[in-house]
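Good morning, and thank you for coming. I shall present one structure to you today, moving from single residues to the contact between chains.

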Amino acid sequence: MATFFGEVLSVYSRAVEEDEDDLEDENEEDKRIRSEIEQKRSVHVEWCPEVQNSLDVTSEKTLPFSQFLIAVGPNAAGFLSTYVLSSGKWDSIGLVSLWNERSESQQYGVHLQQEAGCVFYKQKECSSVLICQCTLYIAEDQLFPWAEKVFACIQRRGLTVTVLSDAPLSEFKSPNSLYSTTPFLRALRTSAYKTQVSCQLLEQPNIATGLAAAVLSYCQVQKIPAVLYQCYSDVIVPNSITMETYKPALSSLSEIIKLDSCPNADVLKRLLKASEIQSNMYT
Amino acid sequence: MFISIENTPPSFKGFTLIMPAVSVGNVGQLATDLLISSLGMARVGYVHTDCLIPMTGNNPYATSAESAAELCTNAEVYSLSDIRLAVLQIRAPVVKTKSRKFRKLITSWIKTCGFDKTVILSSSHAYQRDDQQLLGTPLRYLLSPALEQEVGVHLKELEWKQMERVCAFPGIDGSEQRLYIPGGGVTKGLYTDSCSEGIRMAVLLIFCSEGDNIPDAFSLLNYLNDWLHLVDKPTEASSQWKIPVSWRLLFGSGIPPAIF
């Protein structure tokens, strides 16, 4: 493919993989290996013993929450860490574990010292809000199972879902230049979500992908009210300005989720430190 | 798995189903977009499956600020009962290891719905054509045996070209021929499944290269329209098709003023 500047790039097709015929003639061994890989890549939701017990006693095998707040990406997760979870009123009650091709490098990565994970939190006194912080890389084939398995544990009646998600500014398409207004929020909501959203809706032709898209699609199809706030930022590492941008997204939940007036400095310092360049020629 | 928007699922008995294959240049998907937006079709349900990579966005066919705020998913079904037409639009690639499962899902859905016929809009790499395919029109068709008896003669009258079988071992043995649709994604699989399961299926495809594939989408859709007459013949080329709002900025954002 030649670009506007004349250089020739070798690119893969944006639409298709090439070796699709090979799948046709697989033998028993191929099948066994394939099913083993599939098993290894499966998504597991684990709850702490107390929660698991309360899950087991209910007839529907679901947990009753009225608000489910999901943060995807380092800035969204960092926002919850510094403004919400730092108050100390939250307990971690479970996690999602999965394995994929990036799991090892995430674990031992030098530049990503911040621990990647996908953890659930619940308020100590009030049990109507469930928070999920996800900084884990979830592969394309694991997104759909993630949504299916997590939502299978949560009671659907009276549930509202809010997703906060990081997005790179380079993916935002607009006829105008945006650099003076970054970072900024855009929203997407399911048909069942009737509350006013606190920012502009995402304009066509922009789309959401990844875990945010998997959750929102699930909610749209299952008629669960859900809203996604996507923060477009030109800085990819955790930073306080991008985190702060998420503040208006929780305005409709201000009754039940109290935001700290200023970010918790210790938590913030820890988050920012993790993303600093650890060693180069000049430091 | 098909999930209806309304509580009572729509009946597709005797309908024609048109769907794209995710293939080179996304031509089938672009043509399907044009069709839905031109006919003003209403969304009736979703195909909710783990075989497709998740994506969402706002209504790609929005005509007003109000209709822009409808969430769309990666696979949705649109319908126009006046002309007994259903369209399945697919907006994301098939997950690498799940193409066989996806084909099974689609063929079993086609059978349970009782569609009269299914048309797959697809494309194939232009650079992999063999000598006999290089000359003339880039458009080709394939019919499953169940549909061949009925419409085969009609399509020959239209002077359509059937997709050629190519030599399995070029230059060595010319006797063994096979169907070869490089870059066609699930096209070949869906077609062979429909042949073996007695599904009435037609595949319409165009040879193309990746790039600006909008002209290819128009060609493929006009080709379909020559057969099914979904809209009236245009007086001038491509004027009857309505380009949806989601095709804006297909080649990226505007130019940053700072470069001047």
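Let us begin with B:His229, which counts as exposed because its relative accessibility is 56%, and the cut-off for exposed is over 50%. Please bear in mind throughout that this is a predicted model. Along chain B, B:His229 sits in the segment after α6, the helix of residues 214-228. The backbone deserves a look here as well: phi of B:His229 is near 50 degrees, a positive value in a residue other than glycine.

Where does A:Lys61 lie in chain A? It is found in the loop between α2 (49-57) and β2 (67-72). Is A:Lys61 exposed or partly exposed? With a relative accessible area of 45%, A:Lys61 is partly exposed, since that class lies between the limits of 20% and 50%.

I turn next to the cis peptide bonds. One of them runs from A:Thr182 to A:Pro183, with omega near -10 degrees. A:Thr182 belongs to the loop between β6 (160-168) and β7 (184-189) of chain A, and A:Pro183 lies in the loop between β6 and β7 as well. Is A:Thr182 buried or exposed? Its relative accessible area is 17%, so A:Thr182 is buried, the limit for that class being under 20%. Which residues does A:Thr182 touch, if we leave aside its neighbours within four places in sequence? They are A:Leu169 and A:Asp234.

A cis peptide bond also joins A:Gln204 and A:Pro205, where omega is about 5 degrees. The place of A:Pro205 is the loop between β7 and β8, the latter being the strand of residues 207-209 in chain A.

β8(A) pairs with strand β4 of chain B, residues 55-58, in the antiparallel sense and over three bridges. Within this pairing, A:Ala208 has B:Thr56 of β4(B) as its bridge partner.

How many residues take part in the contact between the two chains? On the side of chain A there are 46, in contact with 48 residues of chain B. The area buried between chain A and chain B is about 3,900 Å², and carbon and sulfur atoms give 55% of that area. Between chain A and chain B the count of salt bridges is zero, whereas nine residue pairs are in polar contact.

Which elements of chain A supply at least two residues each to the side that touches chain B? They are α5 (140-152), β7, β8 and α6 (210-221). Of these, α6(A) gives the most, with eight residues. By kind, the residues on the side of chain A that touches chain B divide into 20 nonpolar, twelve polar and 14 charged.

I close with a hairpin inside chain B. Strand β10 (residues 166-169) and strand β11 (residues 173-178) of chain B pair in the antiparallel sense over three bridges. B:Cys167 has B:Gln177 in β11(B) as its bridge partner. Three residues lie between the strands of this hairpin, and B:Gly171 in the hairpin takes a positive phi near 85 degrees.

Thank you for your attention.

Methods: Residues numbered from 1 in each chain as written. Chains lettered and ligands numbered in written order. Predicted model: local features only at pLDDT ≥ 70, side-chain atom pairs only at ≥ 80, totals over all residues. Heavy atoms only, no water. Helix = DSSP H or I, 4+ residues; strand = E, 2+ residues; numbered from the N terminus. Buried < 20%, exposed > 50% of the residue type's maximum accessible area, 1.4 Å probe, protein only. Contact = heavy atoms within 4.5 Å. Buried area = accessible area lost by both parts, 1.4 Å probe. Salt bridge = Lys/Arg side-chain N within 4 Å of Asp/Glu carboxyl O. Polar contact = N/O pair within 3.5 Å; in protein donor to acceptor, adjacent residues only side chain to side chain. Nonpolar A, V, L, I, M, F, W, Y, C, P; charged D, E, K, R; others polar. Pairing = 2+ DSSP bridges.
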